[in-house]
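Hi everyone, thanks for coming.

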Amino acid sequence: MTDTKKDQQWLTDFVLELSHRGVGGRDIGDAKASVESHLADSGESAEEAFGSPVDYAQALEFADTPDESLPPVLLPALLGIFGLMHYLPAIAAVAQGQPVRFTGTEFALFLVLGVSMVLIVKNIFRLVKQWWWLLAIWMAVVGLGILASLLPLLLDLPELEANAGAVATITGVLLVGAGFWTRAAINNSEGVITPPNAASTDDKDGAVERVMVALAPWLMAIGAAIFTVGAFLAA
Amino acid sequence: MSVLKVLEAGPTYGYAIATALEEAGLGSIKGGTLYPLLTRFESAELVTTQWRAGDGGPGRKYFSLTDAGRSELARQTAEWQAFTTRTLTHLNGDTP
C-alpha cells in the first residue's frame with residue numbers, strides 16, 4: 001500500500017506532471033490507481049517500481065489528446081479577484097459613510113495579479129519542483145504591488161470618487177457571480193477521476209476532498225463577508 | 001510480444017504479468033517499463049481493460065487481449081521466429 005510519505009509525495013508529483021501535460025482526469029485517475037495497485041501487490045516503493053514520477057508520467061501515451069489550454073477556473077478566479085479588490089475599499093467606505101476613492105492603482109494591481117496567475121498556472125509544476133521560481137514570482141508581484149501603490153503618491157495622480165454603496169453592490173454581485181462561475185467550471189471539469197472498483201475500501205480522502213471542492217468557489221466571497229462584518233463592527 | 005503472450009491465457013493484471021514474465025526466465029520487469037507498454041496496447045486497442053475490486057486493498061486493472069491483439073501476437077511471433085531462424089542459420093554457418 002502507498003502508506004509512506006515518500007510514496008504519497010511521488011504520487012503527488014506524478015499527478016502534477018500528468019496535469020501539467022494536460023492529461024484528462026479519467027486517464028490521470030486510472031494511471032494513479034494502477035500505480036497504487038501495483039505497489040500494493042509488489043510491496044515495492046514507487047521510486048523502486050516506477051523510477052522518477054516525471055519520467056514515468058512522460059512515458060505514458062494515452063489515447064486521448066492532452067488538453068493544453070488554460071484551466072477553466074482561471075477566468076472566474078480573475079473576475080473574483082477584480083471584484084474583491086474593489087469591494088473591500090468600497091465596503092470599508094460604506095461602513096464609514098464616505099465615498100470610495102480610486103486612483104487606478106487597483107487596476108494596475110489587478111493586471112499584475114492577473115498576469116502572475118496566468119504565469120503560475122502555465123508553470124505550476126516547475127514552481128512546485130523549483131521553489132525559487134515561486135519565490136521569484138512572489139517577489140515580483142510584491143514589488144510591482146508596492147510600486148503600484150506608491151505611484152499615485154509619487155506622481156500625485158488624481159483620485160476618482162465614486163458612490164461607495166453602488167461600487168460595493170456591483171462588485172459584491174461580481175464576487176457572487178464569480179463564485180457561481182467557478183463552481184460551474186469545477187463541475188464541468190473532470191478533476192482526477194478514480195475508476196470504479198479501483199479505490200481501496202478504506203479510502204478516507206473522499207470526504208475532505210468533497211468539502212474542499214465545495215468551499216473553493218466561495219473562498220473570496222466568504223473572505224469579503226468576514227471583512228464586511230469587521231468593517232461595520234470597527235466603524 | 002511476451003506481454004501479449006501472457007495475456008493470451010486470459011485476463012490478468014499488471015503485477016501478475018510481471019510475475020509470469022519473471023517465472024518464464026525473462027527477468028524482473030519493473031512497473032515503469034510494463035505499464036507504459038500496457039497503456040500503448042490499450043491506446044492501440046490490442047487490449048481492453050476492466051477494474052475489479054480488490055480484497056481489502058486497492059482494485060486491480062485486468063487486461064484482456066482483443067482480436068486485434070491476438071492478430072498482433074501472431075504477427076510478432078511469426079516475425080520473431082523468422083528472425084531467430086535466420087540468425088541461427090547465420091551463426092551455424094549454414095546457407096539459407
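Let's start in chain B, where helix H2 (residues 14–23) of chain B packs against helix H3 (residues 31–43) of chain B at an angle of about 115°, and their axes are 10 Å apart. Keep in mind as we go that this is a predicted model. Two numbers are used for a pair like this: packed helices are described by the angle between their axes and the distance between those axes.

If you look at how the two helices pass, the crossing of H2(B) and H3(B) is right-handed. Which residues of H2(B) and H3(B) meet? From H2(B) we have B:Gly14, B:Ile17 and B:Ala18, and from H3(B) they meet B:Gly31, B:Leu34, B:Tyr35 and B:Leu38. Sorted by class, this contact of H2(B) with H3(B) holds 5 nonpolar and 2 polar residues, with no charged ones.

Now over to chain A. Here helix H1 (residues 5–20) of chain A packs with helix H2 (residues 25–42) of chain A, with an angle of about 155° and axes 10 Å apart. Because angles over 145 degrees count as roughly antiparallel, H1(A) is roughly antiparallel to H2(A). The crossing of H1(A) and H2(A) is right-handed.

On the H1(A) side, the contact is made by A:Asp7, A:Leu11, A:Phe14, A:Val15, A:Leu18 and A:Ser19. On the H2(A) side, you'll find A:Ile28, A:Ala31, A:Lys32, A:Val35 and A:Leu39. The residues of this contact of H1(A) with H2(A) divide into 8 nonpolar, 1 polar and 2 charged.

Next, the two chains together. How many residues does each chain bring to the contact? Chain B brings 20 residues and chain A brings 25 residues. On the side of chain B that touches chain A, the elements giving two or more residues are H2, H3, S2 and strand S3 (60–65) of chain B. The largest share of that side comes from H3(B), with 7 residues. By class, the side of chain B that touches chain A has 6 nonpolar, 9 polar and 5 charged residues.

Last, a word on confidence. Chain B averages a pLDDT of 90, and 98% of its residues score at least 70. Where in chain B is confidence lowest, and where is it highest? It is lowest in strand S2 (residues 47–52) of chain B, with a mean of 91, and highest in helix H4 (residues 67–91) of chain B, at 93. For the model, the scores are ipTM 0.86 and pTM 0.61.

Methods:
Residues are numbered from 1 along each chain as its sequence is written. Chains are lettered from A and ligands numbered from 1 in the order in which they are written. This is a predicted model: local features need pLDDT of at least 70, side-chain atom pairs count only at pLDDT 80 or more; totals for chains, interfaces and linings use all residues. Axes are lines fitted to C-alpha atoms, for helices over the stretch in contact, and angles run from 0 to 180 degrees between N-to-C directions. Helices (H or I, at least four residues) and strands (E, at least two) are DSSP runs, numbered from the N terminus. Angles under 35 degrees count as roughly parallel, over 145 as roughly antiparallel, 65 to 115 as roughly perpendicular and the rest as oblique. A crossing is left-handed if the near helix is turned anticlockwise from the far one by less than a right angle, and right-handed if clockwise. Two residues are in contact if their C-beta atoms, placed from the backbone, lie within 7 Å. Ala, Val, Leu, Ile, Met, Phe, Trp, Tyr, Cys and Pro count as nonpolar, Asp, Glu, Lys and Arg as charged, and the others, Gly among them, as polar. pLDDT is the predictor's confidence in each residue, from 0 to 100.
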